[in-house]
Amino acid sequence: GLIALSWGILAFFGGQVERASTLCEEALALLPEEWVYARGTAAAFLGLSMRATGHSDDAQRKLLDEYESLPWKTNSYAVR
């Protein structure tokens with residue numbers, strides 16, 4: 001999960017936003033729920049990547065749905 005996240009961040013800053021989106025989704029699927037900081041980073045870069053590929057509305061809905069489903073709104077995953 002951390003490797004996928006790292007590659008996703010590098011892809012994002014390298015202008016490969018579609019690849020970044022795929023890698024961040026992979027990271028979220030692999031990272032344990034308890035790793036809230038890494039999961040929050042993956043979610044943030046997923047949203048940024050989706051926005052950069054012209055899917056702003058989908059990104060907003062996906063992240064908002066995820067946020068609303070969280071029992072704790074103040075941990076580092078929710079905040080990110």
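Leaving aside residues up to four places away in sequence, Ile9 touches Thr41 and Phe45. The model is a predicted one. Ile9 sits in helix α1 and is partly exposed, with a relative accessible area of 23%. Its C-alpha lies 9.3 Å from that of Leu46, although Ile9 and Leu46 are 37 residues apart in sequence.

Phe12 has contacts with Val17, Ala20, Phe45, Leu48 and Ser49, again not counting residues up to four places away in sequence.

## Nonpolar core

The largest nonpolar core has 17 residues, and the members that touch the most others are Leu5, Phe12, Ala27, Ala42 and Leu46. Helices α1, α2 (17–30) and α3 (36–52) each supply at least two residues of this core. The most comes from α2, which gives six residues. In soluble globular proteins, nonpolar side chains tend to be buried together.

## Nonpolar surface patch

Some nonpolar side chains are on the surface instead: Ile3, Trp7 and Leu10 form a patch there, with about 370 Å² of accessible area together. Leu10 belongs to helix α1, which covers residues 2–13. Leu10 counts as exposed because its relative accessibility is 54%, over the 50% cut-off.

## Salt bridges

The structure contains three salt bridges. One of them pairs Glu25 with Lys62, with the closest N and O atoms 3.7 Å apart. Because Glu25 lies in helix α2 and Lys62 in helix α4 (residues 56–69), this pair ties together parts that are 37 residues apart in sequence. Glu25 is partly exposed, at 39% relative accessibility, and Lys62 is also partly exposed, at 39%.

Arg39 forms a salt bridge with Glu33, and the closest N and O atoms are 3.6 Å apart.

Asp65 and Arg61 form a salt bridge in which the closest N and O atoms are 2.7 Å apart. Both residues lie in helix α4, four residues apart, which is about one turn of the helix. Asp65 is partly exposed at 38% relative accessibility, and Arg61 is partly exposed with a relative accessible area of 44%. Side chains of opposite charge can pair when their charged atoms come close.

Methods:
Residues numbered from 1 in each chain as written. Predicted model: local features only at pLDDT ≥ 70, side-chain atom pairs only at ≥ 80, totals over all residues. Heavy atoms only, no water. Patch = residues over 30% accessible without salt bridge, like charges linked within 9 Å, V, L, I, M, F, W, Y side chains within 5 Å. Areas by Shrake-Rupley, 256 points an atom, 1.4 Å probe, with all protein chains shown as cover. Salt bridge = Lys/Arg side-chain N within 4 Å of Asp/Glu carboxyl O. Buried < 20%, exposed > 50% of the residue type's maximum accessible area, 1.4 Å probe, protein only. Contact = heavy atoms within 4.5 Å. Core = buried A, V, L, I, M, F, W, Y, C linked by side-chain atoms within 4.5 Å.
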